Amino acid sequence: MSAIVTTYRPADLAELRDALTESARAGQRLAVAGTGTAQWGGLVDADAVVDTTAMTGLISYNPTDMTVAVRAGTRLADLQEVLAEHRQWVALDPARATAEGGTVGGIVATADAGPSRHQFGGSRDSVIGMTVVLADGTVARSGGHVIKNVAGYDLAKLFHGCLGTLGVVAEVVLRVHPRPAATATLAVACPAREAFTLGGRLIAESLEPAAVEWTCTRPRGPGLAQRAEAAREQRDGTLLVRFDGTTNGVADRLRRARALAGEHAAEGTPEHWQKAGRLAVGAPGDTVLRLGTAPDQVAQLVMDVDRLAATHAVDAAMTSTLFAGVHTVRLRDAPAAAHAAVVESLRMAHSAATVCRWAPDLRNELAPWGDPPPAVSLLRAVKRRFDPDDRLCPGRFAPWF
Amino acid sequence: MTERTSFDSHRPPSRELLDDCVHCGFCLPTCPTYVINGEEMDSPRGRIYLMDLAERGEIPLDRTMSAHIDSCLGCLACVPACPSGVRYDLLIEAVRPQIERHVPRTRIDRLVRRAVFAVFPHPARLRVAAVAGLLYRRLGLAASLRRLGVVRRLPAQVRAAEELLPPVRFRSLFGRMDAVVPAVGERRMRVALLEGCAQRVLFGDVNAATARVLAAEGCEVVVPREQQCCGALSMHAGREDEAARRARRLIDTFERHEVDAVVVNVAGCGSSMKEYGELLRDDPAYADRAARFAASVRDVSEVLAQLPPRAERHRIDARIAYHDACHLGNAQGIRQQPRDLLRSVPGVEVTDIPEASICCGSAGIYNLVQPDAAEELGRRKAAAIESTAPDVVATANAGCLLQVRRFLTTDVTLVHPIQVVDAAIRGVPLGEERR
Amino acid sequence: MVIFRIVEMTSRAVGTSWPAELAAVLGPDSVITDPARLRTYECDGLTGYRVVPAAVALPRSTEEVAAAVGVCARHGISFVARGAGTGLSGGALPVADGIVISLQRLRRILHVDPVNLRAVVEPGVTNLDISRAAASHGLYYAPDPSSQQVCTIGGNVAENSGGAHCLKYGFTVNHVLAAEVVLADGTVTTLGGQSQHLPGFDLLGAFVGSEGTLGIVTQVTVRLLAKPAQVRTMVADFATVAAAGDAVTAIVAAGIVPAAVEMLDNLAIQAVGASTRSVYTADTAAALVVELDGPPDDVAELFDDVQRICRDQGSTKIMVAADAEERALIWQGRKAAFAAVGRISPNYFVQDGVVPRGRLAEVLGRIAAMADEAGIRVANVFHAGDGNLHPLVLYSEADGEHDRAERLSTEIAELCVELGGSLSGEHGIGADKACSMPRMFGEDDLATMLRLREAFDPAGLCNPGKVFPTPRLCGERPGPYRPHPLETAGVIERL
């Protein structure tokens, strides 16, 4: 990796455009960074960095229209604070936004989301408009300021998950939702399979949960198969179900959900969610892996993770947004080679796994990505059109492109 | 503009009616032919488009055009589905005679049509054909011909006719109805009953049941002796002159009887007779009389819906799938009355059939002249019926009864709804009255 | 005699052997080349534009679609995918000398998976049939365009279709998990997947709503939702359209997210009244249909709130649907409204634009003034909850009002943009509004979108002439650039 010699720190769209144009003239390869909460994908080999953290602040917010436009370097948590004054929120709760100050642009670029994706989908489902700057300095806007809009291509979707490789997100327009009058959580101690079945029942009973998350923070670590087995019998893991709505409505649903859940159910606390969030973010030294499966594959995945954690003597914890089929696995307390072995094995069945946090030295042991998705040739074709000289975040999607 | 049209000047489809179509496509999923082949020109929207182009003289009346007009079953499911109120019924009835006049048919099509119209509207001839058919079956000819593969090699139209033959008995073929059936108890109405041409030969027992139920409910039933075919088959096939001739004769016959209503138990006949006013509107001698007559026509379920049940119904425990005949449901808007009629019998559970609005493929003579499409529709309908696992299938049209019977794979009793009520009033098990 | 504009859109090269090749790969029964038959494919739900294609292909499988597209790719022939042909922006308008690929023979529901809450279907399946197939599991497919009984999921994917209940549940793009797609070179690929987490950028999200210009969808995996425990629906009458608009704003401001908020003005009510067993008050100036769904206690409380808000905003009468049948009647009238307008006017344009919700009353007032000035009647029936207007511009071809009405219709769409909204909320840009695109997007915006198109379809064979303005369509200069109103307002910057 070459040494970064230049840092661009634009404060607004014009400065960002100038930065991109200037760097294009200089032939610089660029990394893009916000608050630096994400290390998703491959390491970028860049000559300069575009730091978006000065591009902050609201551009427009009219609570009646329930849309808000912000500069991409704005921290999501700061945005939520402003919206909260009007009893509104952006229906996005990726853990790193609250825990680490992730920016709106960064969350878009990673397509990150938290437990609320069960009801509201991911960031792609909340973003209604976007302004981006391409590698050659082209400023392009798509979408708009209204929630319903099908005019033109939805480039905002395309930039979700691009990890900075297609352009730099400058401004984002989001739809906001009213904050519910009341919210409550059901916490049920149970293993994944049971959690999935119970979650399915709550959905089928039309209790309309806003989030259905199963988390398991029990250390697996050395000691192993027997211990994992024993722990499963001790009702390993916790199902967290959040209900949003009116005061009476939420109370009623929580009551009915408890009745369905049986003896291991209790009322959950914010601490339950914080714990799941901390797990998803990880800490320095951890490896955090995000992967997707069909929802009903969760129990199989848990078994695989258990087995691999035991085999490679890694402490593995996990949190799953059950019906979105999104799982986050945190590996801790083992040499990088062991982390690599677990990830490699998981990638055999789940090639789409993304490493979101890399334990020290793990990059020496593990390729950034597994087998490419079926549409990889399209990904490459799009990349070529948007950044023909491969100046933006080169290496991020290596070896796919 | 008129000189550029491809239609002749005798009652072409009107520009106003064509313009009502806004091309929204709401008719598509209701159209049986579109459901089968997914081709635009075999949908109501596509057919109207073709009519529109022909009206503008942009396409000729040729075999292409006739293929798509002929493929229409005339089930009219598109009419209630249309939010713009397009009168597809009037449009198709206007175009069929134009096709009939201007597009020469293929030889086989001509032969089949000629044969159909030489036999079906004539009870005596149909009786002969039916006897022949009966013998053909009784003597084991059917089985041996099938074994030899002869049937498979027949043209599809003939095969269809062969397979449609119902299991009739000699006695019912030749049974005659009484000219007057007196009301049981105090008379509430005096009605005249249409026997129907094919109906009286193939479904004489339905007529008998109709007369018995009407009588039991206080109707004096007159059965005019001289009555002939109502012309429905001709009308639906675009044989306008023939249809008009038959209509005049039927009006003459029935006008001789002073009645409160003319009762029909065949959906196809009823819907045509209700349109006599339209058919004969240009005939000064008949226009008014036809309109008056049309206004007096009632389906038997309509009549009974007006008469609160008087005769006791015995219990019949049966799950009955009710199949809406297109010419009852779509053409006459009669959907609720037959169901209510069935439900008037204690123990009866009436179930609806999935895809209820899709035609069974019978459609007058459609299953004889468009056998492939009819066969696919018949199978589809039979499968839909069987998915509801009924004990009995009830439908108020002779054609539907024949068609559905042909494709059902399970042993289900097929009846006209009136037969259920008849059995309940007489206290006999369903299906027994025919044995 | 009605005058229609035939838009000339000619595909690049026309070989001679391709019809035979097409027939060879699909079978002769699946290729239409007869001139009269082809005419029935010359337009979709928007009849003002008509182009006769060179052929129509009716494939029965993904492989056959790929084979048909392969023939086009080899011969440089443009192709246009077509579902039920109900689109209102001319998205399925054929290309002269090009072929139409009808997906009406791909109509199988392949799999309903109640455990994973999804269904896998072919593109020709109607929107409503998905819900019908899922009903026995207590599930349904949420997006519900008014034409849901006839429009197909393939068309919904192409247009990112919305519907009345999108206010709460989102649009097609929020409910499609994966799509099998035939690309312009005839290859087959899959976008999206089993899970919400997919590495790489969101090609599926970009594909949905691309109006058939990026490829042909041949299989769709959609999310299914559990049917809400309770649904309550009301019709609230208002003495003025503005009052109804204000009521919508007040409901939204109260933090209530109804399943649907629909508005009909008096002309629309008259049209609906002429066609169905109407439950709407014939002489009210405006009616709001508000539907709430969800858990019973929540719905009960919020339903009371909505009624109170409507009364506070001066509602003259509130009719609450007593049962499922009454609710069905309310919706039947609403959903048939476009076509029902055919009963009160010989001809009409259906417009589709969006304004920020706070500006509903304002835009309706301005539309009324513009209509007065033009001497043309405009009926309004629309998704008020998300600011998605559907002004119906009524005119008589015979009285020579066509051009005036069309101008008014375009002006209304552009007014929506001027007020900070969009040219289209759900019907798409298609052939109809391509020339208005420069009102909403700058040259660089459009050029960037075209980069995506070139990545998918470098030869430009896939539904050309739609979405983007071309000199051929829009005159030599594809519409003058003017600063977007949001730019002038300082909300956005263009550099």
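C:Glu262 is buried, at a relative accessible area of 1% (buried means under 20%, with a 1.4 Å probe and protein chains only). The model is predicted: local features need pLDDT of at least 70 and side-chain atom pairs pLDDT 80 or more, whereas totals for chains, interfaces and linings use all residues. Residues are numbered from 1 along each chain as its sequence is written, chains are lettered from A in the order in which they are written, and side-chain values use heavy atoms, without hydrogens and water.

The residues in contact with C:Glu262 (heavy atoms within 4.5 Å), not counting those up to four places away in sequence, include C:Trp331, C:Arg334, C:Phe382 and C:His383. The side chains of C:Glu262 and C:Arg334 are joined by a polar contact of 2.6 Å (N or O atoms within 3.5 Å, one able to donate a hydrogen and the other to accept it; residues adjacent in sequence count only if both atoms are side-chain atoms). These two residues are 72 apart along the chain, with 8.2 Å between their C-alpha atoms.

## Domains of chain A

Chain A comprises domain 1 (53-178) and domain 2 (182-365), with bounds from an automatic or database domain assignment. Contact between them takes 14 residues from domain 1 of chain A and 17 residues from domain 2 of chain A. The C-alpha centres of the two domains are 26 Å apart.

Three salt bridges are counted between domain 1 and domain 2 of chain A (a side-chain nitrogen of Lys or Arg within 4 Å of a carboxyl oxygen of Asp or Glu). A:Glu100 forms a salt bridge with A:Arg357, with 3.6 Å between the closest N and O atoms.

Notes:
Buried < 20%, exposed > 50% of the residue type's maximum accessible area, 1.4 Å probe, protein only.
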